[in-house]
Amino acid sequence: MQVGTPVSAVRAHEEMFAYWASRRQGGQLPGRSAIHPQHFKRHLPTVSLIDVLCEPRDYRLRLAGTGLYGVYGREITGRTLEDVYAPPAAAYWRTELDKICDSKRPGVGVHSLAWRGASHLSILWLRMPLASNGRDVDMILGYDVVVGQQAESTSGIRAA
């Protein structure tokens with residue numbers, strides 16, 4: 001799991017947001033077909049695509065970058081929120097993703113990794129709505145950066 005500084009995390013979020021915004025056409029939301037991973041290769045390890053399922057609304061991780069394996073401790077591609085998170089964290093993500101779908105606007109926030117036993121780390125997250133018809137959110141593009149302090153090394157060697 002790679003830990004970024006808050007400054008580098010914000011810069012990476014700005015790059016991803018600018019890319020998403022550049023894919024909008026005539027005020028409409030970009031669809032998945034407008035997103036080209038080769039345009040943001042260095043960010044791919046912590047990119048995710050979340051399918052928005054209807055009736056009832058639910059969310060399934062269509063794709064989770066390889067860098068997210070270290071965050072979650074397992075493969076999360078193909079899983080729903082309840083498959084990945086304990087109930088309080090699943091409720092948090094459902095609320096945040098519902099806001100993005102309803103407002104048709106990106107969301108950003110910080111989520112502690114205390115649920116993974118890493119209270120010294122958090123995810124600075126960005127979620128951007130995608131709509132194949134330009135209006136109705138059917139997918140969400142995610143980007144995460146882990147921020148915080150690495151746990152101390154147990155090697156006994158410390159920086160001077």
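Contact here means heavy atoms within 4.5 Å, and on that basis R127 touches S48, I50, W93, L97, I100, P106, G107, I140, L141, G142, Y143 and D144, not counting residues up to four places away in sequence. This is a predicted model, in which local features need pLDDT of at least 70 and side-chain atom pairs count only at pLDDT 80 or more, while totals for chains, interfaces and linings use all residues. Residues are numbered from 1 along each chain as its sequence is written, and side-chain values use heavy atoms, with hydrogens and water left out.

**Overall fold**

- The protein has four helices and six strands, where helices (H or I, at least four residues) and strands (E, at least two) are DSSP runs numbered from the N terminus.
- Along the sequence these elements follow the pattern β-α-β-β-α-α-α-β-β-β.
- Buried residues make up 42% of the 160 residues, with buried meaning under 20% relative accessible area, exposed over 50% and partly exposed in between (1.4 Å probe, protein chains only).
- Among the contacts in the protein with a separation of 6 or more, 52% are accounted for by residues 24 or more positions apart.

**Strand pairing and the turn**

- Strand 2 (residues 47–53) and strand 3 (residues 58–64) pair in the antiparallel sense over six bridges, a pairing being assigned if DSSP finds at least two bridges between two strands; in this pairing V52 stands opposite Y59 in strand 3.
- Strand 2 and strand 3 form a hairpin with four residues between them, and the loop between these strands includes both E55 and P56.
- E55 has a positive phi of about 55° although it is not a glycine, a cis peptide bond with omega of about -5° joins E55 and P56, and E55 counts as exposed at 77% relative accessibility.
- Strand 2 also runs antiparallel to strand 6, to which five bridges join it, and D51 stands opposite M139 in strand 6.
- Strand 6 (residues 139–148) is mostly covered, since nine of its ten residues are buried.

- R127 lies in strand 5 (residues 118–130) and is buried, with a relative accessible area of 4%.
- The side chain of R127 makes a polar contact with the side chain of D144 at 2.7 Å; a polar contact is a pair of N or O atoms within 3.5 Å, and within protein one must be able to donate a hydrogen and the other to accept it, with residues adjacent in sequence counting only if both atoms are side-chain atoms.
- There is one cavity of 30 Å³ or more, a cavity being a set of points, on a 1 Å grid over the protein atoms alone, where a 1.4 Å probe fits but cannot get out.
- The largest cavity has a volume of about 100 Å³, where grid points are joined across faces, edges and corners and the volume is the space filled by probe spheres set on the points.
- R127 and D144 are among the residues that line the largest cavity, lining residues being those with an atom within 4 Å of a point.
- Strand 2 and strand 3 each supply at least two residues of this lining.

**Aromatic pairs**

- The count comes to seven aromatic pairs, where rings of Phe, Tyr and Trp (its six-membered ring) pair if their centres lie within 6.5 Å, and planes under 30 degrees apart count as stacked, over 60 as edge-to-face and the rest as tilted.
- The rings of Y92 and W125 have their centres 6.5 Å apart and their planes at 85°, so the pair is edge-to-face.
- This pair links distant parts of the chain, with Y92 in helix 4 (residues 87–103) and W125 in strand 5, 33 residues apart.
- Y92 counts as partly exposed at 23% relative accessibility, whereas W125 counts as buried at 1%.
- Y72, Y85, Y92, W93 and W125 form one aromatic cluster.

**Helix 1**

- H13 lies in helix 1 and is buried, with a relative accessible area of 7%, and its side chain reaches the backbone oxygen of A9 at 2.8 Å.
- Leaving aside neighbours within four places in sequence, H13 is in contact with V108, L124, W125, L126, Y143 and V145.
- P6, also found in helix 1 (residues 6–22), is exposed, with a relative accessible area of 55%.
- The C-alpha atoms of P6 and V147 are separated by 6.3 Å, although these residues are 141 residues apart along the chain.

Technical notes: 1 Å grid on protein atoms, 1.4 Å probe; cavity = no way out; pocket = protein on both sides within 12 Å on 5 of 7 lines; lining within 4 Å.
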